[in-house]
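Biologist: Please take a close look at the aromatic rings in this model. I would like to know how they pair and what surrounds them.

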Amino acid sequence: MNRSIKKVAVLGSGVMGSRIACHFANIGVEVLLLDIVPKDATADKKSRNKIVDDALAFALKSNPSPIYRKSFAKRIVTGNFDDNMKDIANCDWIIEVVIERLDIKKQVFENVEKYRKPGTLITSNTSGIPIHLMNEGRSEDFQKHFCGSHFFNPPRYLRLLEIIPTPKTSPEVIDFLMHYGELYLGKTTVLCKDTPAFIANRIGVYGIMSLFHTVEKMGLTIDEVDKLTGPVLGRPKSATFRTCDVVGLDTLVHVANGVSQSCPKDEAIDVFKIPGYVSKMVENKWLGSKTEQGFFKKVKGANGKSEIHSLDLKTLEYKPSVKAKFATLEQTKSIDNLRERMKVLLAGKDKAGEFYRTSFYGLFAYVSNRIPEITDELFKIDAAMNAGFAWELGPFEAWDALGVSETVKAMEAAGNKPAQWIYDMLASGASTFYKVEDGKKKYYDIPSKSYKVIPGTESFILLDNIRGNKTVWKNSGATLTDIGDGIVNLEWNTKMNSIGAEVIEGINKSIAIAEKDFRGLVISNEGANFSAGANVGMIFMMAVEQEYDELNFAIKTFQNTMMRVRYSSIPVVVAPHNLALGGACEMSLHSDRVVAHAETYMGLVEFGVGLIPGGGGTKEFAVRLSDELQEGDIELNNFRDRFLTIGQAKVGTSAYEAFDLGYLRKGKDVVVISRNRLLTEAKLNCIELAEAGYTRPVERKDIRVLGKQALGLAYLGANSMQVGHYISEHDTKISQKLAYVLCGGDLSQPTMVSEQYLLDLEREAFLSLCGEKKTLERLQSIITGGKILRN
C-alpha cells in the first residue's frame, strides 16, 4: 500500500499530546489536537476548547520549545472530543495520548471506531499498559492497523520512538511506522515486544532503581552520584537525580511498581521495590520540577540570590550543594575517548570505582537476562538507551569497551553472573557484541551465533565504520575520509570541536586534495556538536601577550580559509548539527550549500565575548544585505535586522530559525530531520552540485554598502541604548565597529566595494577590539569557566 501521512489526529493534549502534535507540525503535517470539554463549559466554542487551547499555549511557551518555528503552530487545529471527534475521518493517523488508564483508553477507542475510516493508522502512546489489552473488542480493521507508538518526552528532542505491535497488527503497518518514524520524524525507531515498560523504560528504570538502593548502601550523596553519572559516562548533564526531578518521581515510581507487579519472575524484582526515602518523598509531594522540589530545591540564599540545595537522603533535609570530588574522576580528565575512559572508571580504587563496578556489573547481568524476554536482538537495547535516555554507549556497547570476557570474570566474582547465552557466544569464538566489516556495523545474532548488519542502517554513512580503511589524509586533529562516489568528508576531533590551527590546515588540505582527485567535499562530523567555533584560548593568549602581528596573521589565515571554502573548483557542502557557532557558522555561510540537521543551533556569537565576527562572517552579512537591498526605507530595515542579528548574538533554536536570522539561504540550503541520514543527504547534495557542472564562483566586487547613510543610524541607536543604561560603554564600542564594517566604512554615499575590502575592515575592527581590557576579561571568563583571573 502506498501510504502517506497528510493529517494526524492527536487525542489528548497533556504534556505529551501537545508536544507530539507540535513535532508533527514541525515536519509539515496538519494536526488535529483534541481533548475533553471542561465540566463548566458553555456553548461557546472557546469555552468548550479551553482545556486543549490552554495546553497547546502552555506547550508553545515552554523552554526548550517543542516547535522548530513559531509559525509552524498554525498547522495545528484544536477541538474537543464531543464536537470534533467526527473530524478524525479525514486523518491518516490517529494517536491516542490520554491518561494512563485502560478503561478510559478503551472508551476513547470505542468512540474512535464510530468515525475512523478503514485503513487509518491508530496507535497509543502508552508507556506501560499492555498494547494487546487495548484493542480487545475492536473491529478486525482496527486491530490490523493498531499498535503502540511510544514517544519519549520531550518528543522533539529525544530521538526514541518505540513501535509495539500486537499479534494482530499488519506487517505492512509495522514496516511503515518503522520507516516513517526514522525518515520523517527523525527518530530511532525500535521494534519492541509487548512487555511491561517495553525496552527503554524497563532498562532505564531498572538502572535508576538500582542506583537508589546502591546510594543507600554506599552512603553516597545526591551531588556525588550526579557527578559520577553525568557527562563523564557519556550521559546528559542532568545525570540521575536531576533527570528524576525533570521526569517526575511519581512517574518513575509508577513504572517501577508496574514492572514489579507485572514481572513476578524478574530475577531483579527486589530492585524495583521503592526505597523508604523515595516513598516519603512521594508522600510529601516532593516529586521534582512539577512540585518545585524533589531531589533538588531552589531557595533564596543569604544574599537574596537563588541557590540550588540538594536533599540529604538520610535526614530528608535540603542543604547547599557540595562539589563532589573523586580520585578516579581526576585520572580521567585527560581521556577524551569514552571507551578508554570507561576502563579507568571501573578500575578505580576509591568509592567511585566501587560504585561503577556495582552499577555496571548489575546492569550487564540484567540486560543479558532480558533477552529474549523484551527483545531477541541485543542492538535494540542499546539503540533504545542511546535515543531514549541519551546514553552515548548502550549497555552492550559499554560492555564491549570494557572487554566482554574479562568483565564476565569480574561479574562472577562480584555475584552478578550473566545469562547463559553470553557464555555460548564466547564459546563460539565471538568475543564482542559488535564488529565492523566492509564499512557496516554488525551485531551478534544470538540464535544463529553469527554477526548480522543492523537492520535499517544499510543506507547510512557512519564515519566510525569506514574511517579505518578509507582515510585519505589526517593530522593531529582532522581526518579526511573517502565516502564514495568521488566525494570526501572532512571531520575533526577537538574539544567542543573548536576550530584551531590543525582544523584550518585540514580545510585547506582537504580542498586541495578534493580539487586534484575528487569531485566534491563535505564537512561533517559525528561529535556531540558540529563546532562551538574558533579556539578562543588561542586568540586570548595572543591578545594578552600583545602579539598583534601573529594575531593579524591568524585572523587573515582564517579569513583566507573561509574564502577558500567559497572559491574552490569543487563544491563544498557543510552539514552542521547541534552547536554551529562563531567560526563554524562562518564556515557554513561560505559554503556552496548547507545541509543542516533540524536540531542545528547556529549563530554569530562573537559580540558576547567583546568581538565582531572576524572570519568573514561580518563581511558575508554585508554581502547578503547587498543582495537583498532595495532603495528607501526597506534597505535600512534590512540593515537593522542584519546588524541586530550579530549585535545581539542571536542563535537560531533550530535550522528553520537559522533561515529567519539569515544564516541559511532560502531555496539553496536544506534541512534534514533524521540525524542518521545527515551525511548521506549531504553527500547526495554534493554529487548534485558536481553533476550540475559546478564552476568556481567569481569573486565579488559588486557589493553595495550604505556608508554614512546607515552608519549614523547605527551610531545613534547604540548611543541611545548606552544613555538608557541598556548596554555598556564597551558594548557601544563593539556596536560601532560592527556597523562600520557592515556599512563599508564612513563612505559619503552608497558604494560598490569588493569582498577583500570588507575583509580588511573586518580584520582591522577585530584586532582593535582584541586589545580592549573588557574583551580580554570576557575571553578569560569563557576559558576559565566564568572565573576572572586577575594579576
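Modeller: What follows is a walk through the ring pairs, then the charges over rings. The model is predicted: local features need pLDDT of at least 70, side-chain atom pairs count only at pLDDT 80 or more, and totals for chains, interfaces and linings use all residues. Residues are numbered from 1 along each chain as its sequence is written, and side-chain values use heavy atoms, with hydrogens and water left out.

The structure holds 32 aromatic pairs. Rings of Phe, Tyr and Trp (its six-membered ring) pair if their centres lie within 6.5 Å; planes under 30 degrees apart count as stacked, over 60 as edge-to-face and the rest as tilted.

Start with Phe 176 and Tyr 180. This pair is stacked, at 5.5 Å centre to centre with 25° between the planes. Both residues lie in helix 8, residues 171-183. Helices (H or I, at least four residues) and strands (E, at least two) are DSSP runs, numbered from the N terminus. Phe 176 and Tyr 180 are four residues apart, about one turn of the helix. An α-helix has 3.6 residues a turn, so residues three or four places apart point the same way. Both Phe 176 and Tyr 180 are buried. Buried means under 20% relative accessible area, exposed over 50%, and partly exposed in between (1.4 Å probe, protein chains only).

These two rings also belong to a cluster. Ring pairs link Phe 176 and Tyr 180 with Phe 24, Trp 93, Phe 151 and Tyr 184.

Now take Trp 421 and Phe 433. Their ring centres are 6.0 Å apart and their planes stand at 65°, so this pair is edge-to-face. The pair links distant parts of the chain, 12 residues apart. Trp 421 is in helix 20 (residues 420-427), while Phe 433 is in the loop between helix 20 and strand 12 (434-437). Trp 421 has a relative accessible area of 9%, so Trp 421 is buried. Phe 433 is buried too, with a relative accessible area of 0%.

Finally, charges over rings. A charge sits over a ring if NZ of Lys or CZ of Arg is within 6 Å of the ring centre and within 35 degrees of the ring normal. The charged end of Arg 235 sits over the ring of Trp 391, 3.6 Å from its centre. Arg 370 lies over the face of Tyr 366, and here the distance to the ring centre is 4.3 Å.
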